[in-house]
Amino acid sequence: MRAPLAPPTTALVAEVVDLHVGFTRNGRQVEAVRGLDLQVRAGEVLGLVGESGSGKSVLSLALLGLLPEASQPRTRGVVRVAGIDMLTASPQVRRQVRRDTLGAVFQDPMTSLNPTMRIGRQVAEAAGSGAEALRLLRAVGIPDPERRLGSFPHELSGGLRQRVMIAMAVAGHPALVVADEPTTALDVTVQAQVLALVRRLRDDIGCSVLLITHDLGVAAQVADRVAVMYAGRLAEVGPTAAVLQAPSHPYTVGLMKSRLSLTTDRHRPVQALRGGAPDPADVPPGCGYAPRCPLAMDPCSQTVPDPLPVGTSAHLRACLAEPSRVQDLALTAAPVTAATAVPAQRVDAGWAARVGGIEKTFRVKAGRGRKATLSALRRVSLDVREGESVAIVGESGSGKSTLLRVLAGLEQHERGEVELGRGGRPQMVFQDAGASLTPWLTVGELLDERLRTEGLPRQERRTRALAALAKVGLPEAVYGARASELSGGQRQRVALARATVVPPEVLLCDEPTSALDVSLAATVLNLVQQLRRELGMAVVFVTHDLSVARIVADRIAVMYLGRIVELGDAEEVIRSPKHPYTKALLAAVPDFGVAPPALKGEPASPLSPPTGCAFHPRCPLAVPDCAQPSLDVGLERLRVGADLLLDADSRRVACIRPKEL
């Protein structure tokens with residue numbers, strides 16, 4: 001018997017009862033949602049959390065009445081919004097509900113906004129008038145909204161595009177806004193701005209918000225309640241504080257342990273959920289989480305648990321294990337072993353890669369047939385020693401990826417020097433592994449291409465390829481598969497295997513974890529550390545998240561608008577940031593129960609960088625001298641009292657106000 005998910009007197013804006021959604025994909029029967037009960041209460045923010053494939057987005061489509069026609073024969077249950085069942089209502093009625101009651105914000109605003117229409121016209125279509133469109137752009141915090149009305153989507157940053165989507169979603173004063181992964185792959189500063197905006201709009205217009213995310217930390221920033229989904233079913237639901245302080249399902253515990261924070265122990269492996277989510281076409285009988293669960297018992301493989309109260313009716317969980325066992329699991333830490341320790345840096349290490357004063361510009365379209373110069377890198381200098389790991393951190397547009405591509409030889413710089421060490425063989429791992437793997441080649445053929453440069457016989461190439469797959473934790477069966485047949489985590493492992501099957505001098509990683517589930521991200525980070533340790537290679541790791549940088553790097557370089565503004569030991573940069581921009585990045589890292597402050601303003605355009613220090617328009621310490629056109633702010637060693645720090649690893653900061661840092 002199902003337990004009620006909310007008191008009957010609680011006002012509801014949406015209710016899902018025993019929802020089942022199935023598809024036929026490539027001739028296979030896929031069960032995306034398998035008997036889900038959920039309620040969204042009036043005026044609340046409900047965070048819906050789970051890994052990719054858990055059914056979160058399918059649930060959002062059901063609420064919006066947008067399930068594909070192919071799913072209709074295998075869909076049953078009730079999805080009630082404003083008293084209308086979105087499963088059985090006619091298309092006309094569903095459209096009316098979407099127009100009057102619902103708003104939607106999707107993960108990638110570029111696929112939702114019309115690239116051929118100006119922003120003002122698109123918002124006006126949803127708002128009803130140009131004046132209302134302007135009011136909404138002001139309400140969502142878009143700077144200079146009058147000018148932005150005439151912009152096209154491609155002329156806005158990712159954060160501004162997401163704000164435009166939020167403005168359109170709330171234009172009709174909806175009762176419920178469905179936000180499906182609205183912050184995935186956004187910079188932490190932009191993410192903080194978007195989350196603060198979601199909460200503020202909820203307070204201002206009184207709507208409910210269903211916030212879908214794979215990160216419990218993101219949900220914790222704004223959600224009143226949290227619901228955790230796994231394999232198409234509800235694993236746990238309850239008030240945010242109750243779920244975070246006393247998680248009652250092993251899957252919730254696993255998600256929490258997989259998250260990185262600024263206090264995660266660097267000397268332990270990042271705890272990741274073992275195994276992978278079940279194939280929706282082949283979900284095991286009983287509890288779907290049982291094959292991965294450290295507390296699994298014999299009944300778990302046969303019995304499908306329903307959500308039942310934990311202490312109070314407000315907190316429910318679907319698990320057969322005793323709550324005390326789950327609490328003990330939450331307190332268990334991974335052991336420290338020599339095999340997982342960060343390798344010690346050799347004092348006599350030479351350099352593996354070196355850039356000195358490099359500059360890189362691009363010619364880009366500026367409208368009406370005009371061209372403009374974009375300054376991507378502005379006199380950047382950085383040395384990477386043999387066996388060292390350096391993380392490059394900054395918001396989108398700071399030049400991180402361009403610097404990596406120059407190191408890899410994929411972009412040619414105009415000025416400065418780029419030198420590689422003795423091996424001279426950098427290899428790159430991209431953010432989107434699926435797009436970087438040739439789709440018509442098998443994994444074996446991809447690895448074989450790299451090994452042919454070594455002049456090895458065919459059988460030895462196969463042996464080396466299989467060994468490389470084993471090193472990244474992939475079975476031999478993957479050798480004959482194509483990229484489209486693999487999960488996101490498997491594709492990222494294949495990309496790492498291809499990059500290291502011939503050990504490089506330097507491994508260049510461009511945001512390889514930013515779009516992954518927290519558990520998959522943890523697995524990839526552990527894998528990068530393992531490969532670095534075993535192969536003795538240097539690593540340059542680009543990320544927008546300082547909590548990731550702290551785990552993977554010996555040193556951190558913080559970039560802003562084409563320049564390095566702070567450089568130093570990873571632990572020191574995190575513990576005692578000096579540059580105001582570094583402090584803002586640290587403050588924006590999401591954590592449980594702490595609402596991060598939003599960094600004011602947007603990054604300046606590299607088409608027209610501010611004079612003087614590029615960060616001064618957003619800096620709380622800025623003085624008039626910071627904007628002087630003649631000012632050239634470079635990295636300088638910090639002083640302790642009157643003494644200059646001369647050690648090679650000493651902190652360097654680009655700021656004219658060192659006493660205030």
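Eight strands come together here in an open sheet, running in the order S6-S7-S8-S3-S9-S10-S12-S11 with mixed pairing. Strands, like helices, are DSSP runs numbered from the N terminus (strands are E, at least two residues; helices are H or I, at least four), and two strands pair if DSSP finds at least two bridges between them. Strands of a sheet pair through backbone hydrogen bonds, either parallel or antiparallel. A word on the source: this is a predicted model, in which local features need pLDDT of at least 70 and side-chain atom pairs count only at pLDDT 80 or more, while totals for chains, interfaces and linings use all residues. Residues are numbered from 1 along each chain as its sequence is written, and side-chain values use heavy atoms, with hydrogens and water left out.

Take a look at the S11 end: S11 and S12 (residues 312-317) pair in the antiparallel sense over three bridges, and leucine 308 stands opposite arginine 317 in S12.

Something also packs on this sheet: helix H1 (residues 56-63), which touches S3 (45-49), S6, S7 (176-180), S8 (208-213) and S9 (225-230). The direction of H1 makes about 150° with that of S8. Contact means heavy atoms within 4.5 Å.

H16 has 14 residues and reaches 20 Å from its first C-alpha to its last, close to the 20 Å expected at 1.5 Å a residue (the expected span is 1.5 Å times one less than the number of residues). Its buried residues are Arg461, Ala465, Ala468 and Leu469. Seen down the axis of H16, they fall within an arc of 100°, so they line one face of the helix; that arc is taken from the directions from the helix axis to the C-beta atoms. These buried residues pack against helix H15 (443-452) and helix H17 (488-500). The face turned away from the buried side carries the exposed residues Gln459 and Ala470. Buried means under 20% relative accessible area, exposed over 50% and partly exposed in between (1.4 Å probe, protein chains only). After H16 comes glycine 473, with a positive phi near 80°.

Stepping back, the chain has 21 helices and 25 strands, and 53% of its 661 residues count as buried.

Definitions and conventions
Axes fitted to C-alpha atoms, helices over the stretch in contact; angles between N-to-C directions.
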